[in-house]
Amino acid sequence: MKTLPPNLDPTRLPRHVACIMDGNGRWAQQRGLPRIAGHRQGARTLKDLVRCCKDWGIPTLTVYAFSTENWQRPLEEVSFLMRLFERLLHQELAELHQEGVRLQFLGDLGALPAPLQLQMHRATTETAHNQAVTFNVAVNYGSRLEITRACRHLAEQVQRGLLAPDDIDEASLEQHLYTGSLPGPDLLIRTSGEQRLSNYLLWQLAYAELYFTAALWPDFDRTAFAEALQAFQGRDRRFGRLSPVEQALPA
Ligand code: IPE
Ligand code: IPE
Ligand code: MG
């Protein structure tokens, strides 16, 4: 499936897909493996999904890798994840760069281990001008923290006399989110059967189509992704308006 599956309309693909990569632990547990084996396998799934977005012409992918709440997991798992992120960046950067992937990280990155921050910085600067796919990874990300931080930045500008309270609008608040001027996701996919947002992109998902699947993240392959895209193409995105057919009828 290098090319887009024939049942998908290339003119109606989402421009931006967000994923909550959930179910790694359960995938491992089902196989009698330690949870970390699930994270390792989940990373392989992610690698292929980035390539898939490139192959199928989806310009932006934003994935949830570690939440501000995930620090509450056992230290052993947290440390493994941090090392895994660092190792993956180290191993995959050259290839991602070669394929034209622009890597960016969203979240409170200053609280992450220093070697990981270094890899992230390197990945971001090296790939900054790539254009095939923008790949955003949310690490130590929490939407409430993100919005709070944006409000604080605006308040500071007001205090310094750079901004009047009346000038604060949706666009100016958005500028201070980690996602900046990036258009919001059209489609959110969450795997593992959970149907919640878990503090992910609360602002940005305001008009996204939500897709929940029972598949566990390590099993979420191209076929499963194609199904999600097909479901997306079957949705009627109204944005508060009527559908075009209804719009044409008398009220
Ligand atoms: C998602 O898988 C990955 C992270 C949160 C880092 P989980 O680790 O949450 O897997 P489950 O939900 O326990 O199966
Ligand atoms: C959300 O998954 C965070 C990531 C996928 C990184 P969780 O497994 O942490 O979410 P909850 O705890 O089930 O809501
Ligand atoms: Mg989970």
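Reply: Helices (H or I, at least four residues) and strands (E, at least two) are DSSP runs here, numbered from the N terminus. This is a predicted model, where local features need pLDDT of at least 70, side-chain atom pairs count only at pLDDT 80 or more, and totals for chains, interfaces and linings use all residues. Residues are numbered from 1 along each chain as its sequence is written, and side-chain values use heavy atoms, with hydrogens and water left out.

Me: OK, how many helices and strands does the protein have?
Reply: Eight helices and six strands. Along the sequence they come as β-α-α-β-α-β-α-β-α-α-β-β-α-α.

Me: And how compact is the protein for its 251 residues?
Reply: As compact as a globular protein of that length, because its radius of gyration (over C-alpha atoms) is 19 Å, close to the 18 Å from the globule rule. That rule is 2.2 Å times the number of residues to the power 0.38.

Me: Is β4 mostly covered or open?
Reply: Mostly covered, with nine of its nine residues buried. Buried is under 20% relative accessible area, exposed is over 50% and partly exposed is in between, using a 1.4 Å probe and protein chains only.

Me: Switching to β5, which way do its residues point?
Reply: Leu-187 and Ile-189 go one way, Leu-188 and Arg-190 the other, and all are buried. In a regular strand, side chains alternate between the two faces of the sheet.

Me: What does β5 run alongside?
Reply: β1 (residues 16-20), parallel, with four bridges, and β6 (residues 209-212), parallel, with four bridges. Val-17 sits opposite Leu-187, and Ile-189 opposite Tyr-211.

Me: Now the largest pocket: how much space lies in it?
Reply: About 840 Å³. A pocket, on a 1 Å grid over the protein atoms alone, is an open set of points where a 1.4 Å probe fits, with protein on both sides within 12 Å along at least five of seven lines; lining residues have an atom within 4 Å of a point. The volume is the space filled by probe spheres set on the points, which are joined across faces, edges and corners.

Me: Which residues are closest to its centre?
Reply: Met-21, Tyr-64, Ala-65, Phe-66 and Phe-85, out of 40 lining residues.

Terms used. Chains are lettered from A and ligands numbered from 1 in the order in which they are written. Two strands pair if DSSP finds at least two bridges between them.
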